[in-house]
Amino acid sequence: MKRLRVLVLMHPDLMPPDAIDGQTEQQINVWKTEYDVVSTLRAAGHEVRPLGVQHELKPIRDEIDSWKPDVVFNLLEQFHGETAYDQNVASYLELMRIPYTGCNPRGLMLARGKDLSKKLLYYHRIPVPAFAVFPMRRKVRRPARLNLPLIVKSLSEDASEGIAQASVVDSDEKLAERVDFIHQRIGTAAIAEQYIDGRELYVGVLGNDRLRVLPVWELDFRNLAQGNWPIATGRVKHDPDYQERHGILHGPAKDLAPEVRTRITRTAKRICRTLELDGYARIDFRLSADNVPYFLEANPNPEIAQSQEFAHAAEHDGIKYPDLLARIVALGLKRTGPASVSA
Ligand SMILES: Nc1ncnc2c1ncn2[C@@H]1O[C@H](COP(=O)(O)OP(=O)(O)O)[C@@H](O)[C@H]1O
Ligand SMILES: [Mg+2]
């Protein structure tokens, strides 16, 4: 690939230092994605400028006008502290007619609502957990079609915001309590979903039109103490000490029957098409005891630190980390106009 000027957008608090020496593992953990992307692209010979943005678009415009980057690597997950505004940043880049990595704004929007994405997939007969939405300031009544246990989450936040052991509820009283918690503490509507007991599987997908599905990855809770719900809380996902203490591992999903694996892979592609995702995405499933992959959520622009699932799955498939980033950049450069127009 030719030498490119790459503008990397990120949260100002996540601007990585130039070198990693002398930093503790906990410190590195915070900005490891940003560090990995910037340092790996530099090592590949590109000219890379990290830019922290959160409340102003002008710095993006100024960099585009004066430095004329070839591509923007979009690591921003929020604007004004709102995750729902990530699509507006992608829209802005689209209007600026500058190539950018990751998902287009429509995909970001369709995938975010944990209810909207499931409604769209249900139409295409993709298995999704039954659910109900509880808007703010509304009395909580469990619809008769929803059986306990349920898992209660924020309708729109991600990164396991508000996900804890108490999220899984086995009584109407606990349901009302947890919905109230989401309303009060997270400040969003809540969704209660049928709790799917089963293996937790992640499927990485790379591509705009032609999709490449990475090996099915599993988050393995087998060593979690008895009496705990095996769910990906914030600590399970992001706290290396906690992962080590509780023996939480991720790796290629073993012992899946070939037809189950094929079904998961095909379903992941259909989900990407339905939700208009492009660039790179991770689709999360729970595989029930009778081998039905239930869609949990789609993550456009998933975390891509070298140590995380997506990069590991790519590596397992023969795509080394620098190559993975090169492909993500190439997909950004290759995208031709709005997905809905080219489709
Ligand atoms: N319907 C469900 N059944 C079983 N576990 C679930 C369900 N929904 C979520 N979980 C657990 O909670 C975790 C976080 O839920 P998710 O919807 O992915 O929210 P986030 O956007 O915060 O990652 C999942 O990775 C899974 O472990
Ligand atoms: Mg998730």
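# Reading strands, helices and burial

Author: In S3, Phe 73 is the bridge partner of Val 8. Keep in mind that this is a predicted model.

Reader: Which strand is joined to S3, and by how many bridges?

Author: Start with the general idea. Strands of a sheet pair through backbone hydrogen bonds, either parallel or antiparallel. Now the case here. Strand S1, residues 5-10, is joined to S3 by four bridges. S1 and S3 run parallel.

Reader: What is the strand order in this open sheet of three strands?

Author: The order is S2-S1-S3. The pairing is parallel.

Reader: Why is one side of S2 and of S3 left without a neighbour in the sheet?

Author: Strand S2 (47-52) and strand S3 (71-74) stand at the edges. Each has a single partner strand, so one side of each has no neighbour in the sheet.

Reader: What is the order in the open sheet of four strands, and is its pairing parallel or antiparallel?

Author: Read S4-S7-S5-S6, with antiparallel pairing. The edge strands are S4 (131-134) and S6 (168-169), and each pairs on one side only.

Reader: How many bridges join S4 to S7?

Author: Four bridges join them, and the two strands run antiparallel. S7 covers residues 190-194. For one facing pair, find Val 133: Ile 191 in S7 stands opposite.

Reader: Which helix packs on the sheet?

Author: Helix H6, residues 172-186. H6 touches S4, S5 (150-154), S6 and S7. The direction of H6 makes about 10° with that of S5.

Reader: Which residues is Gln 87 in contact with, leaving aside its neighbours within four places in sequence?

Author: Pro 105, Leu 108, Met 109 and Arg 112.

Reader: Which residues of helix H10 are buried?

Author: H10 spans residues 309-316. Its buried residues are Glu 309, Phe 310, Ala 311, Ala 313 and Ala 314.

Reader: Which residue just after H10 takes a positive phi?

Author: Gly 318, with a phi of about 90°.

Note on methods. Residues are numbered from 1 along each chain as its sequence is written. Chains are lettered from A and ligands numbered from 1 in the order in which they are written. This is a predicted model: local features need pLDDT of at least 70, side-chain atom pairs count only at pLDDT 80 or more; totals for chains, interfaces and linings use all residues. Side-chain values use heavy atoms; hydrogens and water are left out. Two strands pair if DSSP finds at least two bridges between them. Buried means under 20% relative accessible area, exposed over 50%, partly exposed in between (1.4 Å probe, protein chains only). Contact means heavy atoms within 4.5 Å. Axes are lines fitted to C-alpha atoms, for helices over the stretch in contact, and angles run from 0 to 180 degrees between N-to-C directions.
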